[in-house]
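Hello,

Please find the structure below. My notes on it follow.

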Amino acid sequence: MRVNFTVNGRKQTADDVWEGESLLYVLRERMGLPGSKNACEQGECGSCTVRLDGVPVCSCLVAAGQAEGREVVTVEGLADYAAHRDDAHPGGACGSGSCGTSLDAAQRWQAKGTDGQTGEGTELSPIQKAFIDAGAVQCGFCTPGLLVAADELLERNSSPSDADIREALSGNLCRCTGYEKILDAVRLAAARQEEAV
Amino acid sequence: MDFLRPASWEEALAAKAEHPTAVPIAGGTDVMVEINFDHRRPEYLLDLNRIAELSQWEVGEEKVVLGASVPYTQIIENLKTELPGLARASHTVASPQIRNRGGVGGNLGCASPAGDSHPALLASGAHVEVESQARGVRLIPIDEFYKGVKRNALEADELIKSVHIPKATGPQEFSKVGTRNAMVIAVCAFGLALHPEKRIVRTGIGSAAPTPVRAKEAEEFLNAALEEGGFWDNGKIITPSIAKQFATLASGACNPIDDVRGSANYRRHAVGVMARRTLMWTWESYRGNAEGRTLEGAA
């Protein structure tokens, strides 16, 4: 079947989608967006977290057909999504379709820039910068899901308590960091966000 | 496999009538796991996401009519005054991502004995509204809904539309045993609701029998003891002997198994402990000691 949906602010079409296929599979294998990770396939690990009409969900548990006509934001579009939330469209996403991240740009997205270690010169969202600065990335597999979940937390709660952060990220497993640096990163992003206001 | 996308409730009923083997999918948090792991290859998936009324709720004079697909997140945010037991149970469901998608209709449709909403629904005395194109609406009392492990009272052509849940008239509690606060399938769970207007206490046990069950003997004992001692009127503290007997009878209502999450003995014991605790929490709250628990960090 065919699925028409919006990915990172641009209209997309996926063809030859099997009816039992997950949104995650469509994003990774048909859209060429491997940022959302495939790990547990049962909603335990959160590494496939994307925004579906603004709401964080495990894309492995959304049937592809259920995404028809809806808006998906993946980690590849997170920088643009955050930028537009803050500047061009305060309090809401872009309706015109002229913003967003093109599929081609999203597919080629790399945190390289001029410095591969710090991401300098690359367009990053505040939460992505904070993860790098706080050393919250080790193997990196859980990172995309955590970024999407943490970004959504800071969108609705600008100064989260530690309990708020723990609860918001309770559906994302990380087996490297022990979570402390991840908590640091979210606190850092929140503090920077407060400063900017 | 075919993917059916009805745009209205009527279309959904027609589709289910035409294809009784169709598996309804709303939040997908159960169905997609089975498909991802190749445990299930339904002929038809019946997507209910386009039917707006399933994601809505109505607060009436005496009850809340909760659409089958209302996600747990919405229950926690909007209905904790009317349905405190269910809101607390909802807060223990998996993770934010899952609570954003899953709802009570899926818990009922799946009918796993470990579903988190069952104890709260049993304790509050809910009714499940189901409908078929051929025979129209049925309101199934929650006590008659669970038929076996992952089996419920639904006919093949029926869909769950909503759950009718009496608004709380007294304190309600929910308790669950697991290895952490998030992402836990209940080892066992216990729900308890005081109904001061009827002077009864109702309970629900999760994950400690082939189906969710009420601790009926424990309820009967407690209701008689509270009546006899004039507790509803004098607001006295519940005596340790009453609480102990209530806990023992609640343990006796279990018919658990040994599995990877816990042993049968442990489940029996834990249900007794949770029965005593939830009784004390709710009763102290009923007596006016509001220092019970808050929803913050509740699990």
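In chain A of this predicted model, A:V7 stands opposite A:R10 in strand β2. Strand β1 (residues 3-7) of chain A and β2(A) run antiparallel, joined by five bridges. Strands here are DSSP runs of E, at least two residues long, and helices are runs of H or I of at least four, both numbered from the N terminus. Two strands count as paired if DSSP finds at least two bridges between them.

These two strands belong to an open sheet of five strands in chain A, in the order β2-β1-β5-β3-β4 and with mixed pairing. Its edge strands are β2 (10-14) and β4 (55-58), each of which pairs on one side only. From one strand to the next the twist averages 40 degrees. Angles run from 0 to 180 degrees between N-to-C directions, and axes are lines fitted to C-alpha atoms, for helices over the stretch in contact.

Helix α5 (residues 143-156) of chain A packs on this sheet, where it touches β3 (49-52) and β4, and its direction makes about 45 degrees with that of β3(A). A contact means that the C-beta atoms of two residues, placed from the backbone, lie within 7 Å.

α5(A) also packs with helix α7 (residues 180-196) of chain A, at an angle of about 40 degrees and with the axes 11 Å apart. On the α5(A) side the contact is made by A:L146, A:A150 and A:L154; on the α7(A) side, by A:I182, A:V186, A:A189, A:A190 and A:Q193. Of these residues, seven are nonpolar, one is polar and none is charged. Nonpolar covers Ala, Val, Leu, Ile, Met, Phe, Trp, Tyr, Cys and Pro; charged covers Asp, Glu, Lys and Arg; the others, Gly among them, are polar.

In chain B, strand β3 (residues 44-47) pairs in the parallel sense with β1 (residues 2-4) over three bridges. β3(B) also runs parallel to β2 (residues 23-25) of chain B, again with three bridges. B:L46 is the bridge partner of B:L4 and also of B:P24.

On confidence, chain B averages a pLDDT (the predictor's confidence in each residue, from 0 to 100) of 96, and 97% of its residues score at least 70. Residues 295-299 of chain B fall below 50. Where pLDDT is low, the predicted coordinates should not be read in detail. For the complex, the predictor gives an ipTM of 0.94 and a pTM of 0.94.

Residues are numbered from 1 along each chain as its sequence is written, and chains are lettered from A and ligands numbered from 1 in the order in which they are written. In this predicted model, local features need pLDDT of at least 70 and side-chain atom pairs count only at pLDDT 80 or more, while totals for chains, interfaces and linings use all residues.

Regards
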